[in-house]
Amino acid sequence: MSNAVSMRKPTLALVGATGAVGTVMRQILSTREDVWGEIRLVASARSAGKLLDVRGEQVEVQALAPEVFDGVDVAMFDVPDEVSAEWAPVAAARGVVVVDNSGSFRMDPDVPLVVPEVNPDAVRNRPKGIIANPNCTTLTMMDALGALHRKWQLTELVVSSYQAASGAGQPGIDRLHDELQVVGGNRELGSQAGDVRREIVDKLGPESPFPAPLAMNVVPWAGSLKDDGWSSEELKVRNESRKILDIPDLKVSATCVRVPVITTHSLAVHAVFALDITVEAARQALEEAPSVVVLDDPAAGEFPTPADVVGADPTFVGRLRQALDFPNTLELFVCGDNLRKGAALNTAQIAELVAKELTTG
């Protein structure tokens with residue numbers, strides 16, 4: 001670290017500033033502690049020249065090119081995998097610390113996969129100059145599981161996710177809105193097999209981010225097809241949980257489901273621990289975790305739902321139960337805004353750790 005960096009606020013580049021996550025990132029940068037000097041907004045050539053608000057100022061978007069990283073200390077990438085795979089090494093080669101929100105580097109052994117509440121020290125071990133942000137589904141449960149693992153040693157996970165349309169980016173959001181507009185006012189739809197699909201395809205066409213209609217439906221699929229019938233999203237939950245928690249032999253089984261919710265992922269989690277755990281002790285540990293909110297009073301109808309959680313930063317946990325037929329287990333339901341903690345906020349928190357390192361050594 002040069003003395004020049006330590007004496008000034010670091011320069012930040014936000015790559016993908018116009019996308020769904022980038023938009024949330026700009027909002028977050030305007031509300032969190034201001035640790036940055038100059039903030040550069042970077043996007044594709046078609047967005048270059050646009051003026052976007054960040055920290056109450058209008059900043060012109062620059063086209064992605066090698067020279068936009070000159071003088072930049074940290075870059076947050078919120079772009080598709082193929083863009084990150086090409087451009088993150090370009091930025092790193094120019095001395096930039098890259099915090100990447102794509103899936104390109106998460107399982108690279110030379111790239112740390114970081115959740116600041118769980119493994120913050122990992123940010124310093126970045127031989128490629130790149131730090132990865134976990135998948136939003138994994139992130140939704142990680143704050144809570146990290147707090148529980150520290151006390152009771154997690155050994156197994158069985159997870160069912162209920163993932164929002166925004167997990168497929170802006171096209172997913174737009175498609176669900178369009179489908180809801182098509183079917184929302186027709187009370188006859190849904191009484192016959194295939195009539196929802198026919199109506200949607202007839203009005204909107206077959207092209208969609210989802211393999212089946214999402215409005216008035218539940219789709220047991222997210223991601224791309226991998227070996228033995230698993231989806232890429234399900235394997236991410238398994239592999240990323242192991243890496244973040246540093247449990248290489250953690251047993252994980254995940255089923256990822258897309259639901260007609262715009263934003264906020266939910267997960268039903270069956271967690272098994274090496275040590276005896278009680279609901280009361282788990283509740284206390286979760287309540288003490290700085291980024292977890294416990295909403296757990298079923299008798300009063302109190303438990304987390306996406307409609308209540310969207311737009312909030314913490315992880316919300318409820319439905320805490322002891323599995324009746326399984327020892328050393330805990331059942332819980334978790335909700336988290338997949339565009340905030342699940343993507344933009346965690347990326348910003350990682351970048352802030354790097355900024356602190358650059359300014360204090």
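Residues A144, A147, L148, K151 and W152 of helix α4 are in contact (heavy atoms within 4.5 Å) with A281, A282, A285, L286 and E288 of helix α8. The residues of this contact comprise eight nonpolar, no polar and two charged; Ala, Val, Leu, Ile, Met, Phe, Trp, Tyr, Cys and Pro count as nonpolar, Asp, Glu, Lys and Arg as charged, and the others, Gly among them, as polar.

The model is predicted: local features need pLDDT of at least 70, side-chain atom pairs count only at pLDDT 80 or more, and totals for chains, interfaces and linings use all residues. Residues are numbered from 1 along each chain as its sequence is written, and side-chain values use heavy atoms, with hydrogens and water left out.

Helices (H or I, at least four residues) are DSSP runs numbered from the N terminus. Axes are lines fitted to C-alpha atoms over the stretch in contact, and angles run from 0 to 180 degrees between N-to-C directions.

| Helix pair | Axis distance | Crossing angle |
|---|---|---|
| α4 (residues 136-152) and α8 (residues 279-288) | within 9 Å | roughly 125 degrees |
| α2 (residues 20-29) and α10 (residues 340-360) | within 9 Å | roughly 50 degrees |
| α4 and α7 (residues 232-245) | 10 Å | about 35 degrees |

With axes crossing at roughly 50 degrees, α2 is therefore oblique to α10. Helices α4 and α8 are likewise oblique to each other. Angles under 35 degrees count as roughly parallel, over 145 as roughly antiparallel, 65 to 115 as roughly perpendicular and the rest as oblique.

The crossing of α4 and α8 is right-handed, meaning that the near helix is turned clockwise from the far one by less than a right angle. The crossing of α4 and α7 is right-handed. On the α4 side, T137, T138, M141, M142, G146 and H149 meet E233, K236, V237, E240, S241, I244 and L245 of α7. This contact has five nonpolar, five polar and three charged residues.

A right-handed crossing is also found for α2 and α10. V21, V24, M25, Q27 and I28 of α2 touch R340, A343, A344, L345, T347 and A348 of α10. Here the classes are eight nonpolar, two polar and one charged.

The second largest pocket holds about 150 Å³ of space. Its lining consists of R32, E33, V35, P116, Q349, E352, L353 and K356, of which three are nonpolar, one polar and four charged. A pocket is an open set of points on a 1 Å grid over the protein atoms alone, where a 1.4 Å probe fits, with protein on both sides within 12 Å along at least five of seven lines; lining residues have an atom within 4 Å of a point. The volume is the space filled by probe spheres set on the points, which are joined across faces, edges and corners.

Note on methods:
Helices (H or I, at least four residues) and strands (E, at least two) are DSSP runs, numbered from the N terminus.
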